[in-house]
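Please read them with the model open.

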Amino acid sequence: MFTLAEVASLSDIQPTYRILKPWWDVFMDYLAVVMLMVAIFAGTMQLTKDQVVCLPVLQSTVNSRVQPDTAGKADFTTVETTTGQEEASMGTVSFAPTVTPTIPLSRATSSQYQPTESDQELKKEQKDSSGRKTNLDFQQYVFINQMCYHLALPWYSKYFPYLVLIHTIILIVSSNFWFKYPKTCSKIEHFVSILGKCFESPWTTKALSETACEDSEENKQRLTGAQSLPKYVSTSSDEGSPSASTPMITKSGFKFSADKPMIEIPSVTILDKKDGEQAKALFEKVRKFRAHVEDSDLIYKLYVGQTVIKTVKFIFILCYTANFVNTISFEHICNPKVEHLIGYTQFECTHNMAYMLKKLLISYISLICVYGFICLYTLFWLFRIPLKEYSFEKVREESSFSDIPDVKNDFAFLLHMVDQYDQLYSKRFGVFLSEVSENKLRGISLNHEWTYEKLRQHVSRNAQDKQELHLFMLSGVPDAVFDLTDLDVLKLELIPEAKITAKISQMTNLQELHLYHCPAKVEQTAFSFLRDHLRCLHVKFTDVAEIPAWVYLLKTLRELYLIGNLNSENNKMIGLESLRELRHLKILHVKSNLTKIPPNITDVAPHLTKLVIHNDGTKLVVLNSLKKMTNVAELELQNCELERIPHAIFSLSNLQELDLKSNSIRTIEEIISFQHLKRLTCLKLWHNKIVSIPSSITHIKNLESLYLSNNKLETLPAAVFSLQKLRCLDVSYNSIAVIPVEIGLLQNLQHFHITGNKVDVLPKQLFKCVKLRTLSLGQNCITSIPDKVSQLLQLTYLELKGNCLDRLPATLGQCQLLRKSGLVVEDHLFDTLPSEVKEVLNQDTGIPFANGI
């Protein structure tokens, strides 16, 4: 027999799981315990007191006396029953004490009521006789009792306690199986653990407390001055709306939303660094748990299944038990068929546990009925509402965290179960599902870590000698950044939750802003400041939708740099918004994969002075929009797979500099059309496939800089040297073998680069270009440097490394501005110079180095 402790262990679950047990599960657990106690009590009573007492039925005696004397029959029955009970209880009283083994039982029985003289003689002889007493009559009654217990007693009376025990164990197991099944137990254990930590987290208390403060502040504003707010300022909660940090300005057909002015709310609780780290870990755990649990509904199905099993079990128990209630009786007739041993065919038996078992059975049926009704209610609850969906609508209404998402499947079902315990758990748990709440926490942690002193240490000077701060991969923008009032350049990279607050108005020196994969949100006051003060903006993105909408409304912006994918999915249309509001935009730099110049660029074409398009190798086909950019002075079309110089360029009458770097241009016969571009002074055709320079280049009379490096040139035509205004000529990394003597005609030439060619001799006419400041002759086949190099009095940079030189001319010392830092040669060649020349070259005159590129 099981002990109560052993059976109760079947329903033992972790105490923390109680939050997942609604009132009906708890009530059914108690009912199961009561049924278990009924089973154990009945079983114990049956083992200790369950007996059947049987007496033989006297057919002849009953028939002879049933008519004349009814009262006598009653007396006989009473006496007989009493005698049988005494015999059964005492164990030593025999039904016929004078009977010997050779005398039949019927004779001995009748002698009690009709004594004769012969009987008296037999008694006297018995007293006088000697022998061993066998108590055979007692053994006979024990034998009959045992047989009739199994033959006459119904099976339900014998096995009722065991059936109750088995049914109760099945019900207990069914109630708690979802806590034990491995695939559900792991999820439940994880959920309960996270839920407990979220409930007790200091961040939960702080977030809900601040929500209460915000609500009271908003109510006050709503009562006092809500109607006076501008229409373009959102009155929704700063954290509650997904678009609360996007400018909401209706202008030029575009609608943007701006943050409301920041309200300083006193912190209710102080969150130390340790609590903040724990809260951030909880946000990550909740996110991963949600992704793991929301994709299945196993827990829900298992709970429904075990509830259905309990209901079916209840119906089964009720049906078969109702049929056996009446079988439990005190009196039973037994026909053991052992007449040859005893002499009687029929016995009348009494079951002394019948009354108790019947009461226990009625109690058990009552408990089962209550249990079944609760199961039916549970099924009604399971199918009445969609438990695989859970909405945080009430939580969103009561708090500022309006972005708490609704959940589904097993995650939703677990939250529904928790609500039956206490809805406060779900409310506090929802704090860790809100991105706004997570961003608040990140902001607090960020401000703890990035103080003003730490940010000041990261400020540096850039190439333009401006104070620059670069923040990379942070959770947000620290508040202390806006206290750096002397900052000129601010770079924000990979900060997805960047928010520019009204405090940026303190940064009066800020004119340049970089947003690299950082769709920053701005408050209304901050936007107004940026609109009036920002001059240069760099935006790097993956998709054009990441470009903040407020960028297109910066009226005073001078320079805009866009780096990212501007093509839509069908590769037909560019996804830029209108740029017509950028009335002061002068420089537009687009690094993307364009197939045509975006039509929206024409919105700023009239006042654009510089346009740069850097493609990633995608062929730029349509260039007709260029004709509208009449004021463009600088145009760069790099890596656009151009095969010829686009004709649209020839319409840009104000063009001064053209850069067609890294294309596939093979011929430049169209260069004759450049004669119409009277202001063109710089032409960059480097990194192409040009094999020759047409003589028509002479028509570009105002050309001052010509870059033809990294092409396939083999000769330099004389026409190039007729460009009298040419100050810079770069033909590096071609296959040029000879420098024409006509180079001496370029009296204004200041920078000449012919590195990486096949030149072996330097013509003397080269040194007539007395204005040369930069001369790059490296990686050629030059064997000697003429002494006339001393005529280049303005030379500051001379590259000779990678040639076949044996020595350097001593006349290098006469190049007054040349220093060792500007002389690029092998060390052993420098050692061939006289010591006095070395001393001159080693002098530091403080003249800045210039390479002319």
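1. Pairing of the cysteines. When the bonded cysteines of the chain are numbered in sequence order, they pair 1-4 and 2-3. The search of the whole structure finds two disulfides, a disulfide being a pair of cysteine sulfur atoms within 2.5 Å. The model is predicted: local features need pLDDT of at least 70 and side-chain atom pairs count only at pLDDT 80 or more, while totals for chains, interfaces and linings use all residues. Residues are numbered from 1 along each chain as its sequence is written, and side-chain values use heavy atoms, with hydrogens and water left out.

2. Cys54 and Cys349. The sulfur atoms of this disulfide are 1.9 Å apart. The link of Cys54 and Cys349 is right-handed, with 110° about the S-S bond. Cys54 belongs to strand β1 (residues 52–56) and Cys349 to strand β5 (residues 347–351), so the pair ties together parts that are 295 residues apart in sequence. Helices (H or I, at least four residues) and strands (E, at least two) are DSSP runs, numbered from the N terminus. Both Cys54 and Cys349 are buried; buried means under 20% relative accessible area, exposed over 50%, and partly exposed in between (1.4 Å probe, protein chains only).

3. Cys148 and Cys334. Here the sulfur atoms are 2.1 Å apart, and the two residues form a disulfide. The disulfide of Cys148 and Cys334 is left-handed because the torsion about its S-S bond is about -90°. The pair links distant parts of the chain, with Cys148 in helix α7 (residues 136–151) and Cys334 in strand β4 (residues 331–334), 186 residues apart. Cys148 and Cys334 are both buried.

4. Other cysteines. Cys682 is buried, with a relative accessible area of 8%. Cys518 also counts as buried, at 3% relative accessibility.

5. Nonpolar cores. A nonpolar core is a set of buried Ala, Val, Leu, Ile, Met, Phe, Trp, Tyr and Cys residues joined through side-chain atoms within 4.5 Å. The largest one has 133 residues, of which Phe674 and Phe752 touch the most other members. Helix α20 (residues 524–533) gives the most to this core, with four residues. A second, separate core of 83 residues includes Leu31, Tyr390, Phe413 and Leu415.

6. Surroundings of Phe674. Contact means heavy atoms within 4.5 Å. With neighbours within four places in sequence left aside, Phe674 is in contact with Ile645, Ile649, Phe650, Leu658, Leu680, Leu683 and Ile700.

7. Aromatic pairs. The structure holds 27 aromatic pairs. Rings of Phe, Tyr and Trp (its six-membered ring) pair if their centres lie within 6.5 Å; planes under 30 degrees apart count as stacked, over 60 as edge-to-face and the rest as tilted. The ring centres of Tyr156 and Tyr320 are 6.2 Å apart and the planes are at 85°, so this pair is edge-to-face. Tyr156 is in helix α8 (residues 155–180) and Tyr320 in helix α12 (residues 298–324), so the pair ties together parts that are 164 residues apart in sequence. Tyr156 is buried at a relative accessible area of 1%, and Tyr320 is buried at 14%. Both belong to one aromatic cluster formed by Trp155, Tyr156, Phe160, Phe316, Tyr320 and Tyr364.

8. Charges over rings. A charge sits over a ring if NZ of Lys or CZ of Arg is within 6 Å of the ring centre and within 35 degrees of the ring normal. Arg428 lies over the face of Phe199, 4.8 Å from the ring centre. The charged end of Lys540 sits over the ring of Tyr516, at 6.0 Å from its centre.

9. Record and model. An unreviewed UniProt entry places the feature "transmembrane region" at residues 27–47, 159–179 and 361–383; such annotations may be inferred rather than shown by experiment. In the model, residues 27–47 are 100% helix and 0% strand, with end C-alpha atoms 30 Å apart. Residues 159–179 are likewise 100% helix and 0% strand, and their end C-alpha atoms lie 31 Å apart.

10. Thr168. This residue is in helix α8. At 0% relative accessibility, Thr168 counts as buried. Apart from neighbours within four places in sequence, Thr168 is in contact with Ala32, Met35 and Leu36.
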